[in-house]
Amino acid sequence: MKYDRSFNFSAGPAMMPEPVLEQIRDEVMNYRGSGMSVMEMSHRSKAFQQIANDAEADLRTLMGIPDNYKVLFIQGGGTLQFAMVPMNLMKNGKACYIETGTWSKKAIAEAKKYGEVQVVASSADQGFSYIPDCSDLNIPDDCDYVYICENETINGSAFHTLPNTKGHVLVSDQSSMFLSRPCNVADYGLIWAGVQKNVGPAGMAVVIIREDLLREDLASYVPTYMSYKVHADNESMYNTPNCWAIYCCGKVFRYLLDMGGLTEMQRRNEEKAAVLYDFLDSSKMFRGAVEPKDRSLMNVPFVTGDKDLDAEVVAATKAAGFDNLKGHRSVGGLRASIYNAMPKEGVEALVAFLKKFEAEHK
């Protein structure tokens, strides 16, 4: 049976691939003859252990994760990781952050609770509409790590060249661009991603961390659950994990492998984003909010330059069956999140609608 589905441009929780949803639907009442749903299954059972093991193995294959990196499935999303990163990695009590938008700002504010934070580059001067030059940063020798939000969901900018950390550990929040393109994991000390944007349902983050960064000598105030080493030593089973999210994400990992892996996803995402960006660059009514060289392939904020007209466009898109195109409340305008699961047809349909709207409102 085929369900009627809208083109959902939400920034997260966001669309998931239809073939994955269909598999989940077929297994939701009785997972592979077990007589129960994954939602009812013990995380210590052989069936779920196989689900978790397969999910990790497929993710390692997708990203080419080296053997000296641990893969962790941790409950909670970005807000928890904003605290876990400094709690675990601030050995000297000093970290450098690059400020490129709302989510890096939140990470900075949280990290300041646990040590000294130096903002070594920022694009705040132009409303976070670009990625600053990070080729020659002033990084202190005793800096524990350099932190970036590699794709700013709200502001729509993305790093296409990683910063020169001058030998220091690079930490990246990859939430919005996770698995959207190939990634050389060895360039990072730690990668984390809230899965609700480009991978699965809300409530979990994937953490990929180099083994030498796992520490036992954490400050006494760090809760046991907030230790990456505890999660690594217990293979993400220290407590009952988010079983449902692990299961759903595992389905997505396998789907991406079957579709040709991350090189193929990058090709599709570049092709899809070009449809929308080409329209914005030629439009006399709409314009993109980010410098072209720093545009995200996943999150596309755009405006008319008139708040009332922006609101009118949002209402019209909703009436036409396009969901969640209103820009984040902190920046306004419109935003189309076009993650892996958004088909090219959805972007083409949106562009056709925007062209029609512009023609009728000259």
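**Entry 1: ground rules**

Helices here are DSSP runs of H or I with at least four residues, strands are runs of E with at least two, and both are numbered from the N terminus. I am working on a predicted model, where local features need pLDDT of at least 70 and side-chain atom pairs count only at pLDDT 80 or more, while totals for chains, interfaces and linings use all residues. Residues are numbered from 1 along each chain as its sequence is written, and side-chain values use heavy atoms, with hydrogens and water left out.

**Entry 2: helix α2**

I started with α2, which covers residues 46–63, 18 residues in total. From first C-alpha to last I get 26 Å, close to the 26 Å expected at 1.5 Å a residue (the expected span is 1.5 Å times one less than the number of residues).

Next I looked up which α2 residues are buried (under 20% relative accessible area; exposed is over 50%, partly exposed is in between, with a 1.4 Å probe and protein chains only). My list for α2 is Phe48, Ile51, Ala52, Ala55, Asp58, Leu59, Arg60, Leu62 and Met63. What do the buried residues of α2 pack against? I found β2 (69–75), β7 (190–194), β8 (204–210), α6 (243–258) and α7 (261–282). Contact here means heavy atoms within 4.5 Å.

**Entry 3: the seven-stranded sheet**

I traced an open sheet of seven strands, in the order β2-β8-β7-β6-β5-β3-β4, with mixed pairing (two strands pair if DSSP finds at least two bridges between them). β2 and β4 (116–122) are the edge strands, since each pairs on one side only. Going from one strand to the next, the twist averages 20°. Axes are lines fitted to C-alpha atoms, for helices over the stretch in contact, and angles run from 0 to 180 degrees between N-to-C directions.

Zooming in, I see β7 and β8 running antiparallel, joined by five bridges. Trp192 sits opposite Val207 of β8. I also checked α4 (residues 102–111): this helix lies across β3 (94–99), β4, β5 (146–149) and β6 (170–173), and runs at about 160° to β3.

**Entry 4: aromatic rings**

How many aromatic pairs does the structure hold? I get 12. Rings of Phe, Tyr and Trp (its six-membered ring) pair if their centres lie within 6.5 Å; planes under 30 degrees apart are stacked, over 60 edge-to-face, and the rest tilted.

Tyr114 and Tyr221 count as stacked because their ring centres are 5.9 Å apart and their planes are at 20°. This pair links distant parts of the chain, 107 residues apart: Tyr114 is in the loop between α4 and β4, and Tyr221 is in the loop between β8 and α5 (228–233). Tyr221 is partly exposed, at 46% relative accessible area.

Phe322 and Phe353 make a tilted pair, 5.7 Å centre to centre with 55° between the planes. They come from strand β11 (residues 322–323) and helix α9 (residues 344–360), 31 residues apart. Are Phe322 and Phe353 buried or exposed? Both are buried. I also noted that ring pairs link Phe7, Phe9, Phe322 and Phe353 into a cluster.

**Entry 5: strand β10**

β10 (residues 299–303) is mostly covered, with five of its five residues buried. Asn299, Pro301 and Val303 point one way, while Val300 and Phe302 point the other way. β10 runs antiparallel to β9 (residues 287–288), with two bridges joining them. Four bridges pair β10 with β12 (residues 334–337), also in the antiparallel sense. Phe302 is the bridge partner of Gly288, and Phe302 also stands opposite Leu334 in β12.

**Entry 6: Asn151**

I picked Asn151 in the loop between β5 and β6. With a relative accessible area of 2%, Asn151 counts as buried.

**Entry 7: Glu358**

Last stop is Glu358, in helix α9. Glu358 counts as buried, with 14% relative accessibility. Leaving aside neighbours within four places in sequence, I list Phe279, Ser283, Lys284, Met285 and Phe286 as contacts of Glu358. Glu358 and Val313 are 45 residues apart in sequence, and C-alpha to C-alpha they are 9.5 Å apart.
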